[in-house]
Amino acid sequence: MVQLYNLHPFGSQEVVPCKLEPERFCGGGRDALFVAAGCKVEAFAVAGQGLCQPRCAFSTLGRVLRLAYSEAGDYLVAIEEKNKATFLRAYVNWRSKRTENSRVCIRMVGHDVEAPFSETFRDQMSIVEMPLSEAPLCISCCPVKGDLLVGCTNKLVLFSLKYQIINEEFSILDFERSLIIHIDNITPVEISFCIGYVAVMSDLEVLILKLESDPKNGERVNHHPRKTNNPVKLSEDISNETLQLESDDFVICQKPMELLGEKSKQSGIAVTLESTGLADEKIKYFHVQHLLYRRFAPDISSCVLSDDIKLHSLQLLPIYQTGSLTSERKHSSQEKELLSLFCFFSLPHVGYLYMVVKSVELMSVYQYPEKSQQAVLTPQFLHVITSNNLQCYTVRCSAAAAREEDPYVDTTLKVDYSNTYKTAKTQSCIHLLSEAHLLVRAALMDASQLEPGEKAELLEAFKESCGHLGDCYSRLDTQYSHLALPYYKMSGLSMAEVLARVDWALEDGTQKYERGLIFYINHSLYENLDEELSEELAAKVVQMFYVAEPKQLPHILCSPSMKNIDPLTAISYLRKLDTSGFSSVLVTLTKAAMALKMRDLDMHRNEMKSHSEMKLVCGFILEPRLLIQQRKGQIVPTEFAVHLKETQPGLLVASVLGLQKNNKIGIEEADSFFKVLCGKDEDTIPQLLVDFWEAQLVACLPDVVLQELFFKLTSQYIWRLSKRQPPDTTPLRTSEDLINTCSHYGLISPWVNVLISSESLADKNYMEDLSKLQSLICGPSFDIASIIPFLEPLSEDTVAGLSVHVLCRTRLEEYERCIDRLLERCPEAVIPYANHELKEENRTLWWKKLLPELCQRIKCGGEKYQLYLSSLKETLSVVAVELQLRDFLNVLPEDGTAAFFLPYLLYCSRKKSLT
């Protein structure tokens with residue numbers, strides 16, 4: 001036995017949001033938890049992570065005294081108290097109760113239900129009431145068959161689980177009171193029941209019985225009590241103690257006692273069986289075998305029984321040949337062979353573990369450093385709740401079960417022993433190695449007490465035990481075969497060393513690879529290890545997966561660890577695959593990658609032509625390592641990606657975009673991939689990366705931060721415009737393509753074209769970058785204020801820079817400032833600007849800003865006089881339409897020539913009559 005300090009094999013912790021302080025609780029299989037408080041039981045779903053979610057709730061008759069759940073039959077049973085009376089009730093089909101107020105059926109145990117009425121039970125919870133002649137004290141459900149055992153004063157009542165068959169599609173769960181076990185001189189505080197084994201515990205006594213069937217099947221019995229054994233006359237010392245009369249001055253206390261096997265009949269407790277089933281039914285149990293009786297002495301310092309000496313946590317734990325509890329697979333439980341059964345019970349400061357199948361013996365005694373409140377036994381661990389802590393101990397249940405199977409276990413080493421089970425279908429080696437592993441691990445936890453040489457020796461033993469456990473889990477076909485992976489990882493063995501331990505061929509020449517080994521190799525190849533397998537080992541791995549997991553063959557060929565595989569060998573296996581059950585495009589892409597490796601470009605082109613571009617993208621999404629691999633923590637583009645960059649860059653960008661959309665690659669990883677692919681450093685942005693950013697905007701990916709993406713693109717456009725730096729490759733999309741396909745790229749304002757046409761911009765690439773930048777600024781999603789500080793490199797001395805600055809100022813509604821800049825730099829663009837921008841509430845700027853500015857500049861004359869004059873005429877035409885005659889007169893300059901303004905005044909005065 002090893003105590004594991006501050007270490008518990010729990011995967012997670014979940015919080016149960018109870019409305020009232022819990023009084024009783026119990027687990028409901030793997031997915032539910034029941035909590036009783038007041039006169040209500042709440043069921044919570046515990047399948048997910050984090051906070052447990054309420055599932056349903058139902059009312060009880062009164063306060064719940066005991067609560068138990070049976071996975072066999074999926075029912076909950078409770079002892080309830082109301083008005084000082086106790087009731088036994090079973091809650092059946094509770095998963096169908098959706099709301100607290102939904103209908104509930106209450107029926108008496110054993111009463112047949114009429115078929116028409118029973119159909120209503122299909123979708124509603126039923127409460128089965130079980131009347132008893134005496135008050136129930138404790139309950140226990142058989143984990144295998146779901147039978148219910150109820151403890152009363154001096155007797156136990158067994159209810160057998162059965163089903164009332166209504167029709168071929170529907171049956172109702174019910175119980176039958178089949179047996180009463182009369183037990184004299186003991187009042188049960190806790191009981192435990194498991195496939196015929198009965199454990200009864202009082203405050204200071206524990207009795208374990210086995211109910212045996214009659215060898216003659218179908219024998220009928222009389223329906224009256226009969227004793228199955230006569231208590232043997234007590235030994236003289238025991239009888240003298242029990243027959244002495246108590247006086248007012250003395251308290252007579254019996255001595256502590258432990259009786260095993262047949263000797264336990266000497267306990268003085270008489271056991272009688274009474275069959276209560278129907279006379280024409282077959283009876284399960286006829287005889288009783290006594291297995292264990294243990295009695296503890298009370299604290300004689302007090303006349304009242306102290307809590308410091310009372311027993312608690314009685315439990316029967318079955319171990320089967322598979323090494324798992326029956327309750328985990330209820331449908332196949334009856335097909336399993338019981339390997340061993342263990343009984344555990346505990347005093348406040350010490351716990352006892354007995355084995356009770358085949359032989360009865362004390363296995364372990366657990367000393368607690370603190371007073372215990374409750375304890376739970378599992379096949380591998382004992383969990384103890386003390387006054388201050390949750391403590392965990394290893395147990396020898398699995399090892400003891402293995403020793404029962406092989407009596408020579410203890411004569412060999414719990415590491416060398418595993419070598420005899422390399423191909424055997426047994427878990428004995430796992431049970432023994434697990435205990436050895438835990439012993440070594442426990443010693444390493446207190447490494448400060450070890451000498452350097454001892455610590456190194458223990459570490460080596462720890463790695464060796466991990467390697468042997470990995471071998472066991474990789475060779476045995478068990479539900480825990482996936483544990484081969486963590487144990488091999490902890491062993492420090494490389495993948496090549498693990499493969500060297502594999503028996504590639506059986507004695508009969510056939511080949512079979514168990515799930516554990518396949519699981520380990522598959523996951524190791526997915527982990528981007530820096531280890532490269534030799535050509536020989538890589539070929540063996542390919543052969544292994546072709547036989548055991550052919551669907552995984554394309555995936556494992558893309559692993560960096562398989563770099564040395566002969567491409568001809570890989571293609572020969574790929575061609576033999578039946579692609580009807582999985583993606584054929586993935587097989588095609590893998591063959592194309594191998595063709596590139598052989599420099600067979602014709603084969604590569606033929607494979608790539610066999611599917612559409614959309615399907616090829618789907619293939620890359622299924623296996624990203626065809627394009628991107630990681631070595632020593634660095635992103636490395638594959639040879640396939642390099643080839644696509646030169647021949648099909650659009651397919652490459654679309655594929656990486658698909659990987660990001662399906663969470664196969666992160667944003668920063670994708671950016672690094674294109675930089676490494678194009679041979680650029682961190683500060684240089686290749687055009688292919690710009691194409692990828694633009695494709696992200698077109699795809700409208702939900703997880704992409706738009707403003708960050710806008711910033712990347714605008715920064716690159718501005719940098720290239722300011723440096724007049726052309727892209728290193730031809731862009732995949734033109735500005736017109738982006739405007740037509742992406743809502744984030746807006747239509748460029750018409751006045752911008754007038755402004756740009758005022759100078760000659762012959763460079764096509766320059767014009768494309770400028771148009772894309774202008775289109776982004778005109779789009780609906782762009783945050784203009786965020787880019788203003790970065791416009792400084794783009795000088796307003798050029799029309800390109802001027803157009804960008806004016807666009808940004810216009811988006812910020814700085815219209816007057818924009819009018820000033822255009823009048824100064826490009827007067828011919830002022831009227832198109834005003835026509836497009838000065839609308840609705842900004843229309844007053846025609847006569848408040850534009851008209852006076854033009855009049856002032858005309859007075860000053862200069863080389864732009866004619867441009868200003870032409871703009872003034874168009875402005876007056878707009879103002880004459882917008883204003884009334886009196887308002888129009890008020891905005892005209894006082895020193896203006898009357899003849900010049902007269903036509904506009906006449907039009908304004910006639911405007912009302914015309915309308």
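Buried here means under 20% relative accessible area and exposed means over 50%, with partly exposed in between. At 24%, then, Glu129 counts as partly exposed. Keep in mind that this is a predicted model.

Glu129 has a salt-bridge partner in Arg89, and Arg89 is buried, at 4% relative accessibility. Glu129 sits in strand β10 (residues 125-129) and Arg89 in strand β8, so the pair ties together parts that are 40 residues apart in sequence.

The model has 30 salt bridges in total.

| Pair | N to O distance |
|---|---|
| Arg95 and Asp31 | 3.1 Å |
| Glu129 and Arg89 | 3.5 Å |
| Lys849 and Glu853 | 3.2 Å |

Arg95 and Asp31 form a salt bridge between distant parts of the chain, 64 residues apart: Arg95 is in the loop between β8 (85-92) and β9 (104-108), Asp31 in the loop between β2 (24-27) and β3 (32-37). Arg95 is partly exposed at 25%, and Asp31 is partly exposed with 25% as well. Both belong to a salt-bridge network that also takes in Arg55 and Asp74.

Lys849 and Glu853 stay within helix α26 (residues 845-860), 4 residues apart, or about one turn. Lys849 is buried at 10%, while Glu853 is partly exposed at 22%.

Now for a sheet. Four strands make an open, antiparallel arrangement in the order β22-β23-β24-β25. β22 (312-320) and β25 (361-367) are at the edges with a single partner strand each, so one side of each has no neighbour in the sheet. Neighbouring strands are turned by 20° against each other on average, direction ignored. β22 pairs with β23 (residues 338-346) over 7 bridges, and His312 has Ser346 as its bridge partner in β23.

Notes: Residues numbered from 1 in each chain as written. Predicted model: local features only at pLDDT ≥ 70, side-chain atom pairs only at ≥ 80, totals over all residues. Heavy atoms only, no water. Pairing = 2+ DSSP bridges. Helix = DSSP H or I, 4+ residues; strand = E, 2+ residues; numbered from the N terminus. Axes fitted to C-alpha atoms, helices over the stretch in contact; angles between N-to-C directions. Salt bridge = Lys/Arg side-chain N within 4 Å of Asp/Glu carboxyl O. Buried < 20%, exposed > 50% of the residue type's maximum accessible area, 1.4 Å probe, protein only.
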